[in-house]
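Here is a friendly walk through a structure, meant to be read with the viewer open. Please have the sequence at hand as well.

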Amino acid sequence: MRAFQILIDGFAISALYALGATGFTLIFGVSGVLNLSHGAIMVAAAVAAWAAASIFNVGTYAGALIGVAVALVAAFATYFAVVKPIQDSRRIPNEEKEIFVLTGTLLWGIMIQEVIAYFFTNNAKTVLPIVEGVVEILGVRTPKNEIFTAIVCCLVIALLWLLVNRTRTGKAVLAASMNPRGVTLLGLELTNIYVVVWAIYGILAGIAGVLLGMFLGVSSYSVGPLTASAFSIVVLGGLGSVSGSLIAAFVVGYLETLTAYLVSPAYRTIPALLLLVFVMYIRPQGLLGRR
Amino acid sequence: MSSFFTSRLFFISLALVVIAATLPLYVSGYVLGLLTVAFYFGVFAMSWDLLFGFAGEVNFGPTFLIGVGAYTAGILNAQFGWSVYPCIVLGALASVIAGLVLALPALRVRGPYFGLTTLVAVLMLQNFIVVFADLTGGEIGLTIPDVITINAGANYWIALGFMTISAAILYGLSQSPIGLVLQASGQDPVQAGALGFNIVKHKLAAFIVSAFFSGLSGALLVFYFGTASVGTVVDVAVGVNVIVSAVLGGRRTVLGAALGAIFLIVAGEFLRPTGELATFIVSAVALLVVLFFPGGFLGAALSREARS
């Protein structure tokens, strides 16, 4: 009974983590950017969906779409206002661009967070779920919303896999992650590929944010923890490796659910952090990372 | 080193310290209190700059070192009744041990991986403080019975003197041969090693020095506040402020980091009437500095001087 409960809840959480971390690792793999405003973009999507549905009464579907659109806009803003100027800057030495991108996106994330807090307060918000009601699976009462979340996450990840491996644009993205110079020599514009990747990232982060808002609820305080969890999942799986992140998301998701059910919800994040430190010591490049 | 004592930077710093030392004679206790906190923060930022600017280690967890020092001093005083000065010394020592623990992964992993390890260290410390609430006061914080002194002017002078001495030592270190080796090993570890320098030894030294000053400053700050809480000395947001200060003031300048910290704290106070927007404005200004003056305040000033 309890085992099934852990199995089901853990699956939904893990799928959500996987979706959130996929976009993050994709950007790192292709353009070497660690986007520390990730949590803020997810929260922006969730709060936009909540505001659209609860304040402006546009309905749950339209609300969810608005949430994803806001995340897309925020992702482009991050790229064009913060990341690209730093990458193109001639005043910043190349070997320091990484730390500047980290600092810049971190500050940008705080700005988004503060704007959200200013207009919509710090209170926790739960987005109205698209599907309501409860079903019984293997004797566990499960909200339909939880099943919906898991299905959407898996579908989106499958679509992403098709996009990257089966379309021309996707193959260009894949090639850029392997050898950026080679791609330029083949006559493809690297900037265009980056724009595509940031668009994919925006949509993924938006969907993950809106689902998170329906499933667990968000507030502007969730920004930091969300960024930290995406960061640790991605490092655990190996920076830039999408399949590694998927595995890591399930490991972390189940570890947290197990701890929450069997020990105490207060200790939820501790085992995952310990595992992370352990993996960093014995295998610094992560589970499936290449160096 | 000898040229420093005749340089313009030295005279400007000396003048600033002298002016700052006379402030208690004519400004209110409120301003002094604000600057006292800003000076302790300045030491946090300078210690971070030594580690990042020179050793090239992206430390996302300055508050791990600060928090260990602050909480060790606070717990020894509040739970075991030790007197103030042994607590401060032991706080600094605990922080040095924490710095050694943090340095272990730094010698194995680099770049973003090390950044994450330090971030995780902060999150773990935060979790443990909440879990061992009996000892640490948990989320509410720990009330500390003793203070160094209640005189606002004396507190201010202690903070100013502490910052000046720390600045002198950290700046001297950064300009010494050790600082140059650190800078070389941060930029190209392989080549620095090939030139015969022991990178591991130098990096460990940088961690120990950085941890010592962070912990000492954290312990002093706790006895100034009369309380130790996650929100003031451990939270990731505090660490972000330390990093922003150092980047704002100018990396690799050490002294700039202190300027950045003072600016950040004073600006935050001036913007208090704007309410919740204060953090937004400070972050926006910091972002603009990062984008348009990547050398920071002191970096921009120094490069202008070099050009003219």
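This is a predicted model: local features need pLDDT of at least 70, side-chain atom pairs count only at pLDDT 80 or more; totals for chains, interfaces and linings use all residues.

Let's begin with helix 1 of chain A, which covers residues 2–31. From the first C-alpha to the last, its 30 residues reach 43 Å, close to the 44 Å expected at 1.5 Å a residue. Helix 1 of chain A does bend, by about 25° at A:A21. Most of this helix is covered, with 21 of its 30 residues buried.

Next, look at helix 2 (residues 38–54) and helix 3 (residues 60–88) of chain A. Two packed helices are described by the angle between their axes and the distance between the axes. Here the axes come within 7 Å and cross at roughly 145°, and the crossing is right-handed. Helix 2 of chain A brings residues including A:I41, A:A45 and A:A52 to this contact, while those from helix 3 of chain A include A:G63, A:V70 and A:A74. By class, the contact has 16 nonpolar, three polar and no charged residues.

How do the two chains meet? On one side are 32 residues of chain B, in contact with 36 residues of chain A. Helix 5 (111–131), helix 12 and helix 14 (277–292) of chain B each give two or more residues to the side that touches chain A. Helix 5 of chain B gives the most, with eleven residues. The residues on this side of chain B divide into 24 nonpolar, six polar and two charged.

| Residue | Other C-beta atoms within 10 Å | State |
|---|---|---|
| B:V254 | 29 C-beta atoms | buried |

Where is B:V254 placed? You will find B:V254 in the loop between helix 12 (236–249) and helix 13 (255–270) of chain B. Although B:V254 is not a glycine, it has a positive phi of about 60°. Most residues other than glycine have a negative phi.

B:T63, in turn, belongs to helix 3 (residues 62–80) of chain B. Leaving aside neighbours within four places in sequence, B:T63 is in contact with B:V122, B:V233, B:V234, B:D235, B:V238 and B:G239. B:L119 is 56 residues apart from B:T63 in sequence, yet their C-alpha atoms are 9.2 Å apart in space.

Note on methods:
Residues are numbered from 1 along each chain as its sequence is written. Chains are lettered from A and ligands numbered from 1 in the order in which they are written. Helices (H or I, at least four residues) and strands (E, at least two) are DSSP runs, numbered from the N terminus. The expected span of a helix is 1.5 Å times one less than its number of residues. The bend at a residue is the angle between axes fitted to the seven residues ending there and the seven starting there. A residue is buried if 20 or more other C-beta atoms lie within 10 Å of its own, exposed if 12 or fewer, and partly exposed in between; C-beta atoms are placed from the backbone. Axes are lines fitted to C-alpha atoms, for helices over the stretch in contact, and angles run from 0 to 180 degrees between N-to-C directions. A crossing is left-handed if the near helix is turned anticlockwise from the far one by less than a right angle, and right-handed if clockwise. Two residues are in contact if their C-beta atoms, placed from the backbone, lie within 7 Å. Ala, Val, Leu, Ile, Met, Phe, Trp, Tyr, Cys and Pro count as nonpolar, Asp, Glu, Lys and Arg as charged, and the others, Gly among them, as polar.
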